[in-house]
Amino acid sequence: MNSPVEAIKSEKRMLLLKYLKENHRRYETLFSCNEDSIFVLDIEGHVIQSNPAFLQLTGFSPVEADKLKLQFLFPIDHINKVFHHFSNAVLGRFPNFDTKIITKIGQVLDLNISFIPICEDDQIVGVSAVGKDITELKRKKEEIRKVEEMQRVLTDNIVDVIVSTNLQGEIVYVSPSCEYILGYDPNEVLNQNFLSFVHPDDVENAFHNRRRVLDGQENGRDSYRVRKNSGEYMWVESLCKPIIAHDTLHVLEVVSVIRDITERKKVEEEAKRREETYRDLVEYSPDAVIIAKDAEILFINETGAKLFGASDKRDILNKTMTDIIHPDYHEISKERQQIETSGNVTEFIEYKLLRLDGSQFVAEVKGIPTIYQNNRARHIIIRDITERKKTQELLLNSEKLNVAGQLAVGIAHEVRNPLTAIKGFLQLMESEEDRNRPYFEIIQSEMDRIELILSELLVLAKPHELKFEAVDLITLLDNVKTLIDTQAIINGIQIETRYNYHNFIINCDPNQLKQVFINILKNAIEAMPEGGKITIEVKQYGFNMVKVFFQDTGKGMPQEILKRVGEPFFTTKEDGTGLGVMISKQIIENHGGTLNIWSDKQGTLIEVILPKASKRLH
Ligand code: ADP
Ligand code: MG
């Protein structure tokens with residue numbers, strides 16, 4: 001019943017069995033004691049024989065093994081490959097390949113298989129399969145590959161550069177990332193001292209950090225600038241670790257992990273700069289700034305502390321908003337506090353505020369919602385408007401004065417005209433009436449005085465029309481003295497002059513200069529209600545200057561008044577204008593000179609420095 005094909009197959013099988021029988025003894029030892037799994041297949045793929053190693057590996061009993069077929073031994077996705085190699089072996093080739101095998105209990109093992117054709121009577125009658133268990137080998141290989149891969153990842157692709165230096169600081173290894181991060185070919189930097197790449201300003205720092213590592217400190221973290229191949233410097237953070245010999249415990253090398261922190265530094269610096277700018281802005285703001293949470297004061301700037309009269313900021317920080325706001329404004333400030341706390345800005349309005357000493361002042365206040373130390377808070381701007389109010393008043397005052405000045409000019413003109421007429425007639429009468437001569441002389445001199453005063457008044461009204469001419473300073477001072485002497489004598493004041501040199505020609509507007517000296521002398525007289533002495537002294541100063549001193553024995557001025565003298569409208573007198581010193585200073589400065597004041601309880605000294613006229617001018 002057997003087909004011809006079947007007949008050939010069984011004939012081959014007979015030959016195979018014969019072969020095995022004959023050869024069995026020949027390499028029985030080799031076969032049964034081999035560590036490799038060996039199994040013999042007929043050309044149909046039936047397992048005919050198997051060695052103990054095979055049985056152990058697969059877990060089959062000898063009886064079970066004898067019933068095995070090739071396709072039972074391999075996972076489904078490997079069968080094709082296995083049959084391909086098997087048919088090659090049947091054709092007389094010796095294939096070797098890696099595959100997987102399934103054990104009796106379903107375990108999958110890695111196996112390297114060599115198929116060896118078996119020849120009998122010039123025919124291939126079967127195939128010997130020698131299998132090596134490579135599961136362990138494969139696992140190890142995989143492990144090594146993983147480690148290698150990890151190392152590669154660590155050294156190639158990371159954003160850090162790993163540098164190893166010897167004890168002399170020479171670079172003995174650098175990771176390939178060096179090229180990407182610093183722009184150097186790793187070979188280029190080998191054997192160079194690592195310090196030669198560090199920014200000159202940071203070398204000392206880097207050197208000491210390394211020293212600490214070498215001295216046995218576990219590792220050192222530091223940041224410095226390193227030079228890139230492009231010449232640019234880059235901020236890096238370096239983490240150093242010594243490599244220590246196991247036997248001698250000596251440091252062999254220092255390994256550093258270097259990371260680009262340029263961006264971080266930039267961000268840090270930018271943030272620092274911004275914070276400083278903000279702090280400076282707030283701290284030195286001309287406006288007072290308070291940061292408050294509800295009524296609690298969390299912060300106040302310098303201007304604010306000054307405004308509230310606190311020498312120490314803490315004095316204000318201990319207070320609440322209610323303490324520094326006048327009771328009249330508590331209600332409105334509470335309303336505004338609510339608006340600000342709910343996230344809205346309130347505009348500037350005038351508040352009456354209280355200083356630490358209880359005194360009041362008026363300020364404009366605005367509130368802006370803000371975040372302070374991670375909490376909702378209010379940024380309160382307090383603008384002191386005392387000065388502004390004062391300026392407004394001053395403007396008003398000077399406007400009034402302007403009007404008064406204009407009136408004075410008008411009056412001066414009006415009085416002068418009849419005065420001229422009176423003077424003329426007086427001269428006529430004088431020539432005729434001899435017996436009344438002494439009275440005429442008095443009238444004459446009084447008239448001269450009225451005339452002089454009127455002209456001074458006119459000078460005041462026209463300060464801008466400067467008429468410069470060469471004038472002898474001493475003569476001018478004597479004229480002023482004459483003018484003021486009567487008033488001085490009435491007040492029991494003696495005016496003494498000390499001129500040690502008489503030819504001081506100066507280039508000036510004499511009327512204006514007279515105005516200055518009159519102002520100074522009048523102030524001196526007014527400072528000595530109980531009488532005293534004024535000394536006028538003129539001295540050469542340097543090569544081309546002259547100094548005029550006016551010293552009085554009056555009551556002088558305390559520091560706080562002295563500081564303010566010369567401010568427009570600053571006066572301590574009931575009927576004073578507070579303009580004298582200011583105008584005098586202005587006139588002297590217009591003449592290229594300076595006016596200085598010293599004062600104490602013994603009296604006041606005014607110094608006027610003026611340039612002498614250059615030759616060309618006289
Ligand atoms: P006024 O004389 O109208 O007050 P001034 O500008 O001339 O204005 O002077 C301003 C203030 O300076 C005076 O009110 C006075 O307090 C002070 N002062 C000026 N000169 C003297 C002085 N010689 N001695 C003391 N105080 C003086
Ligand atoms: Mg005065």
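Predicted model: local features only at pLDDT ≥ 70, side-chain atom pairs only at ≥ 80, totals over all residues.

I started with an open sheet of five strands, which I read off in the order β7-β6-β10-β9-β8, with antiparallel pairing. Strands here are DSSP runs of E with at least two residues, helices are runs of H or I with at least four residues, and both are numbered from the N terminus. I call two strands paired if DSSP finds at least two bridges between them. At the edges I found β7 (171–174) and β8 (220–227); each has a single partner strand, so one side of each is left without a neighbour in the sheet. Neighbouring strands in this sheet are turned by 30 degrees against each other on average, direction ignored. For such angles, axes are lines fitted to C-alpha atoms (for helices, over the stretch in contact), and the angles run from 0 to 180 degrees between N-to-C directions.

Residues are numbered from 1 along each chain as its sequence is written, chains are lettered from A and ligands numbered from 1 in the order in which they are written, and side-chain values use heavy atoms, with hydrogens and water left out.

Next I looked at one pairing inside that sheet. Strand β6 (residues 160–165) runs antiparallel to β10 (residues 251–260), and six bridges link the two. I looked up T165 and found V254 as its bridge partner in β10.

Then came another open sheet of five strands, in the order β12-β11-β15-β14-β13, again with antiparallel pairing. Its edge strands are β12 (296–300) and β13 (346–354), each pairing on one side only. The twist from one strand to the next averages 35 degrees. I checked both ends of the order. β11 (residues 288–293) is joined to β12 by four bridges, antiparallel, and I291 stands opposite F299 in β12. β13 is joined to β14 (residues 360–372) by seven bridges, also antiparallel, with I349 facing its bridge partner V365 in β14. β13 and β14 make a hairpin with five residues between them, and G358 in the turn has a positive phi of about 95 degrees.

On to charges. I counted 30 salt bridges, taking one as a side-chain nitrogen of Lys or Arg within 4 Å of a carboxyl oxygen of Asp or Glu. I picked out D36 and K132, whose side chains meet at 3.1 Å, N to O. D36 lies in the loop between α2 (28–32) and β1 (37–42) and K132 in strand β5, so the pair ties together parts that are 96 residues apart in sequence.

Where is I411? I found it in helix α15 (residues 386–432). Together with V415 and I450, I411 makes a nonpolar surface patch of about 230 Å². A patch takes residues with over 30% relative accessible area and no salt bridge, joining nonpolar side chains (Val, Leu, Ile, Met, Phe, Trp, Tyr) within 5 Å and like charges within 9 Å. The areas come from the Shrake-Rupley method with a 1.4 Å probe, and for residues only the protein chains shown count as cover.

D121 has a positive phi of about 50 degrees although it is not a glycine, and I placed D121 in the loop between β4 (108–120) and β5 (123–133). N191 has a positive phi of about 70 degrees, and N191 is not a glycine either. I found N191 in the loop between α8 (186–189) and α9 (203–214).
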